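Keep the 3D view open while you read.

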Amino acid sequence: VFSMCRLLAVFLLHARTANSDLCGSLEHDKDYRSGQSVCVRQNVHKPEICCEACEANPKCKAWTWGFEFPGQHRPSSCYMKSEAPQESQKFHMPRLVSGLPARSIVPSAFEPTSKATRSA
């Protein structure tokens with residue numbers, strides 16, 4: 001039986017190069033501390049790949065990519081989270097990158113209008 005993280009690992013191994021169009025937003029030097037941990041992936045060497053993994057997991061609403069251990073020379077961990085952060089849950093942290101999956105960014109053209117229609 002495969003866990004969701006293992007299925008994502010298989011997906012990422014067969015995925016082509018990271019497509020930045022899948023990333024809703026990226027914030028450099030930010031740590032999102034929101035929600036519960038959905039999944040942690042090691043050996044993820046680009047923030048765009050972390051974003052793609054989050055996009056592929058319906059439970060993932062935000063992610064943070066960076067170093068797993070102090071003193072690591074290469075960032076490689078992807079932390080997927082169950083909730084998008086409020087501004088108070090975004091912390092300055094050098095060398096981390098955080099973001100939201102594209103599906104969480106709703107273009108204004110698709111937002112419901114708030115105009116009330118008049119009845120005649």
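## A strand covered on both sides

In this predicted model, strand E3 is covered on both faces: Ala62, Thr64 and Gly66 are buried on one side, and Trp63 and Trp65 are buried on the other. In a regular strand, side chains alternate between the two faces of the sheet. Five of the five residues of E3 (residues 62-66) are buried, so the strand is largely enclosed by the rest of the structure.

Which strands pair with E3? The table lists E4 and E5.

| Partner of E3 | Residues | Bridges | Sense |
|---|---|---|---|
| E4 | 77-81 | five bridges | antiparallel |
| E5 | 90-101 | three bridges | antiparallel |

Stepping back, five strands make up an open, antiparallel sheet in the order E1-E5-E3-E4-E2. Strands E1 (23-32) and E2 (37-41) stand at the edges with a single partner strand each, so one side of each has no neighbour in the sheet. On average, neighbouring strands are turned by 25° against each other, direction ignored. Helix H2 (residues 47-56) packs on the sheet and touches E1, E3, E4 and E5, its direction making about 150° with that of E3.

A word on confidence: the chain averages a pLDDT of 76, and 66% of the residues score at least 70. Residues 7-20 have pLDDT below 50, with 16 contacts in the model beyond near neighbours in sequence. Residues 106-120 also stay under 50, and the model has one contact beyond four places in sequence for them. Where pLDDT is low, the predicted coordinates should not be read in detail.

Definitions and conventions:
Residues numbered from 1 in each chain as written. Predicted model: local features only at pLDDT ≥ 70, side-chain atom pairs only at ≥ 80, totals over all residues. Heavy atoms only, no water. pLDDT = per-residue confidence, 0-100. Contact = heavy atoms within 4.5 Å. Buried < 20%, exposed > 50% of the residue type's maximum accessible area, 1.4 Å probe, protein only. Helix = DSSP H or I, 4+ residues; strand = E, 2+ residues; numbered from the N terminus. Pairing = 2+ DSSP bridges. Axes fitted to C-alpha atoms, helices over the stretch in contact; angles between N-to-C directions.
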